[in-house]
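Q: I would like to go through the pockets of this structure with you. Could we look at the model together?

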Amino acid sequence: MRKWFPILPVLTAFLVSAWLYPQLPARVATHWDLHGQPNGYSSRLVAALLVPGMAVALWGLLRFIPRIDPHRENYARFQGTYDLVIAAIVTFLCAIHVMVLGTAVGWPMPDLARTVPVGVGILTIIVGNVIPRARPNWWFGIRTPWTLSSDTVWARTHRVGGYLLTAAGVIALLSAFLPPAVGTVVLLVAVGGASLGSVVYSYFTWRGEQP
């Protein structure tokens, strides 16, 4: 079921685009600065189709790449986790798309400067909780020269990386309550720090295995 769940948010995104297209202004705000002010615009056609198209392309790509992975047999060992992360990413993209179009036509939508950090936080928490289930592969997870060289380093790094990403997700959620400029920096530092920390940990774990 999880494998096909992305059909629902993608279809919803396209239907909302078709419904709202006649009401969209000629220029739709699609990018915001650190203070939550619009600083980038797209034509109504691009605004209506770009993100749903990206979601479809990303879904297709993530469904295809396991087929060309030298460790493709390992995906069966964490298929549910892989499908869940794909569904979460696609749903996040489509939800933001609906909010952007809704804002453009005057719907009473939540403030994007607040809701995007919440969405990123939830997505990061989901990834952090399930990523320890990932098994060695070349496309999904914390892929460094050291995790790919040792199953033990892979397992230990993904366990620690899961904790770090979950903590970063909680910080990202809390950043939604800060002024947008500060919150964005806090979010980026938290997620970037968790990612970098996982890479550094993988190296030192690998070093510890060397004779």
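Q: Which residues lie nearest the centre of the second largest pocket?
A: This is a predicted model. In it, V85, V127, I131, F140 and G141 lie nearest the centre of the second largest pocket. They belong to a lining of 22 residues.

Q: How much space lies in that second largest pocket?
A: The second largest pocket holds about 470 Å³ of space.

Q: And which element gives the largest share of its lining?
A: That is α6, with 5 residues in the lining of the second largest pocket. Helices α3, α4 and α6 each supply at least two residues there.

Q: What classes of residue make up this lining?
A: The lining of the second largest pocket has 17 nonpolar, 4 polar and 1 charged residues.

Q: Changing topic: how much space lies in the largest pocket?
A: The largest pocket contains about 800 Å³ of space. It is lined by 33 residues, and T30, W32, I96, L112 and V116 are the closest to its centre.

Q: Which elements give two or more residues to that lining?
A: For the largest pocket these are the strands β1 (27–32) and β2 (38–43), together with the helices α2 (44–64), α3 (79–104), α4 (112–130) and α6 (180–209).

Q: Which of them gives the most?
A: Helix α3 does, contributing 7 residues to the lining of the largest pocket.

Q: How many charged residues are in it, then?
A: There are 2 charged residues in the lining of the largest pocket, along with 21 nonpolar and 10 polar ones.

Methods:
Residues are numbered from 1 along each chain as its sequence is written. This is a predicted model: local features need pLDDT of at least 70, side-chain atom pairs count only at pLDDT 80 or more; totals for chains, interfaces and linings use all residues. Side-chain values use heavy atoms; hydrogens and water are left out. On a 1 Å grid over the protein atoms alone, a cavity is a set of points where a 1.4 Å probe fits but cannot get out, and a pocket is an open set with protein on both sides within 12 Å along at least five of seven lines; lining residues have an atom within 4 Å of a point. Grid points are joined across faces, edges and corners, and a volume is the space filled by probe spheres set on the points. Helices (H or I, at least four residues) and strands (E, at least two) are DSSP runs, numbered from the N terminus. Ala, Val, Leu, Ile, Met, Phe, Trp, Tyr, Cys and Pro count as nonpolar, Asp, Glu, Lys and Arg as charged, and the others, Gly among them, as polar.
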